[in-house]
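Hi,

Here is the model I promised to pass on.

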Amino acid sequence: MVDAKREWTLPSARQVGGFLAKAWAYFLMTLTAVTMIFPFYWMVATSLKSEARVFAFPPEWIPNPPLWSNYLYMFTELPFGQYVFNSVKVSLLWTVGVVLSSSLAAYAFARVKFWGRNVLFLVTLAALMIPGQVTMIPLYVVMSRIGWVNTHYPLFVPAFFGSAFGIFLMRQYFLTIPQELNDAAKIDGCSHFGIYLRIMMPLSKPVIATLALLSFMGSWNDLLGPVIYLYDQNLFTLPLALTRFRGMYYTQWAYMMAGATVSLLPILAIFLLTQQYFVRGVVLSGLKG
Amino acid sequence: MSTVKSTMKVAGSTWAAQSGPLSAWWFRLSNNEHFVGYIFIAPLLVGLLVFTYGPVLAAFGLSFTKGDYISTPKWIGLDNYRALLQDELFWKSLWNTVYYVVGVVPLGIVLSLLLALAMNQKLRGIVFYRSIFFLPTITSSVAISLMWLWIYNPEFGVLNFLLRLVGVKGPAWLSTPEWAMPAVIIMAVWRGLGYNMLIFLAGLQGIPEVYYEAAEIDGAGGWAKFRYITVPLLSPTTFMLLILGLIGAFQVFEYTYVMTGGGPLYSTLTMVLYVYTNAFRFFEMGYASALAYVLFFILLGLTLVQFKYQDRWVHYE
């Protein structure tokens with residue numbers, strides 16, 4: 001009843017303005033969303049077509065019937081299973097390394113008062129300014145001297161020695177945890193390592209999740225590292241395999257799109273499951289980094 | 001005071017004496033903040049030395065040498081830098097990179113700000129839209145590049161088909177020197193849009209509503225509010241996106257490596273691609289190091305200049 005009555009009063013200028021602003025926002029957002037999603041749709045659609053139908057004119061908007069065998073081909077005729085395994089292995093190890101080493105160092109920078117702490121923290125942050133292209137040549141020389149070229153080691157071992165970004169992210173989070181917890185634990189006879197392991201880490205699950213996600217994604221999508229270090233096809237990660245693929249199957253778009261889709265699916269699944277951590281991490285690292 | 005301290009010391013050492021001199025030593029050490037601190041950061045210190053600062057210095061040294069990874073590098077002084085000044089491809093790659101940066105960064109910032117402004121209100125379904133906007137950010141540049149390679153295909157690409165529908169004859173995008181770089185730029189702006197927009201949105205939502213309300217009472221219109229509240233209060237976000245955007249864009253590599261390999265006619269040869277080519281295709285270790293250092297100095301210079309002039313336009317609350 002009340003609602004029916006309200007319908008008859010004329011909306012105020014403010015209400016009209018608000019409605020227009022919302023309509024405009026939805027229009028822009030939807031337009032952008034379509035622009036964002038269409039290339040992905042087109043990739044998947046193309047991956048489900050036969051050679052001939054890929055080049056159909058006008059383009060076949062919906063593959064009918066979808067040709068799933070293109071995906072089968074990826075895994076039976078091409079070693080895509082191996083590539084997926086390699087990518088998972090390298091990215092997982094990289095992630096574990098970043099989280100472990102960064103959290104340890106971040107704990108020290110946040111909670112242990114050692115000599116030269118502030119200077120060392122600045123030195124760590126300054127490492128963020130150094131582009132990878134500068135260090136890659138000497139690193140390659142070192143890796144080749146110790147026989148690590150054409151192995152996965154160069155792609156994950158450095159992570160176990162700290163990441164400036166990870167340290168920064170975790171230190172900022174550690175600083176928000178009340179110092180009283182530290183003091184209480186100390187009185188109870190807990191060592192620094194005990195405090196790190198039993199108090200700080202369990203309390204930092206959200207930031208660990210964020211850092212783990214960003215690290216995993218960075219490693220999963222990395223091209224420059226694998227391009228430089230891997231020659232043996234059995235060691236290829238997905239991005240590297242895709243670039244080689246482009247050389248071999250230049251006009252076989254269906255295969256190329258199927259390969260790209262396969263490389264995207266795992267990360268998409270992780271992203272959809274852990275979105276809130278990811279978005280928070282991006283915003284946090286973006287706004288304060 | 002001093003007696004209390006010395007009794008405590010005595011108590012500690014009796015405890016330690018009972019369990020042997022080695023554990024006494026360990027007991028004292030493990031309670032030493034400096035020692036514990038350095039144990040915690042030991043991996044980091046090794047990492048900084050071996051993976052960051054050591055290589056940075058080594059690269060600087062290598063940039064004065066000629067070498068191919070196998071033989072011992074030969075000292076040639078400033079010859080690499082001299083050669084670089086004469087190298088047409090170096091200038092070409094520098095120009096291409098600047099072209100790319102100038103295309104991507106401002107366009108990306110303006111478009112994403114416009115979107116964020118429209119979205120900065122209570123809207124339903126924002127989480128759904130957000131996931132879609134993030135899709136290009138989480139996808140690898142390699143997959144993105146392959147995707148757009150197919151979209152840009154001159155004869156069968158969907159872009160030129162759509163252009164034909166509205167009566168425009170699309171260019172051969174990546175296979176023409178004039179259009180290759182713009183095509184890469186369009187793709188890069190498309191990819192970064194959602195990310196930039198979300199950062200802007202977070203920045204906008206951090207601006208307290210009271211400022212706008214106060215301005216409204218003073219009779220400020222929409223433009224005035226935008227110009228005198230939103231723009232200055234958003235400037236730290238804009239500054240950060242600008243810095244990160246510039247640094248990222250200067251290091252563009254994957255797109256041009258996958259899509260064009262630097263062609264056609266070197267029109268998309270970017271600096272990092274040129275460093276990579278010299279280092280791992282021509283095995284010109286020294287020359288590539290010199291190139292990398294030039295890039296490093298450009299980035300450093302840009303960042304310093306930005307920070308120096310930031311107080312002219314960046315306002316922190």
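A quick definition to start: rings of Phe, Tyr and Trp (its six-membered ring) pair if their centres lie within 6.5 Å, with planes under 30 degrees apart called stacked, over 60 edge-to-face and the rest tilted. On that basis, there are 56 aromatic pairs over all chains. Take A:Phe75 and A:Phe80: their ring centres are 6.4 Å apart and their planes sit at 70 degrees, so this pair is edge-to-face.

Before more of that, the housekeeping. This is a predicted model, so local features need pLDDT of at least 70 and side-chain atom pairs count only at pLDDT 80 or more, while totals for chains, interfaces and linings use all residues. Residues are numbered from 1 along each chain as its sequence is written, chains are lettered from A and ligands numbered from 1 in the order in which they are written, and side-chain values use heavy atoms, with hydrogens and water left out.

For burial I use relative accessible area (buried under 20%, exposed over 50%, partly exposed in between; 1.4 Å probe, protein chains only). A:Phe75 is partly exposed at 43%, whereas A:Phe80 is buried at 1%. In chain B, the rings of B:Tyr293 and B:Phe296 have centres 5.6 Å apart and planes at 70 degrees, so that pair is edge-to-face too. Both B:Tyr293 and B:Phe296 are buried. They are three residues apart in helix 15 (residues 285-313) of chain B, so about one helical turn separates them; helices here are DSSP runs of H or I, at least four residues, numbered from the N terminus.

There is also a ring cluster with members from both chains, including A:Tyr140, A:Tyr229, B:Tyr69 and B:Phe253.

Lastly, A:Lys89. This residue is in helix 5 (residues 80-111) of chain A and is partly exposed, with a relative accessible area of 32%. The side chain of A:Lys89 makes a polar contact with that of A:His152 at 3.0 Å (N or O atoms within 3.5 Å; within protein, one must be able to donate a hydrogen and the other to accept it, and residues adjacent in sequence count only if both atoms are side-chain atoms).

Cheers

Definitions and conventions. Helix = DSSP H or I, 4+ residues; strand = E, 2+ residues; numbered from the N terminus.
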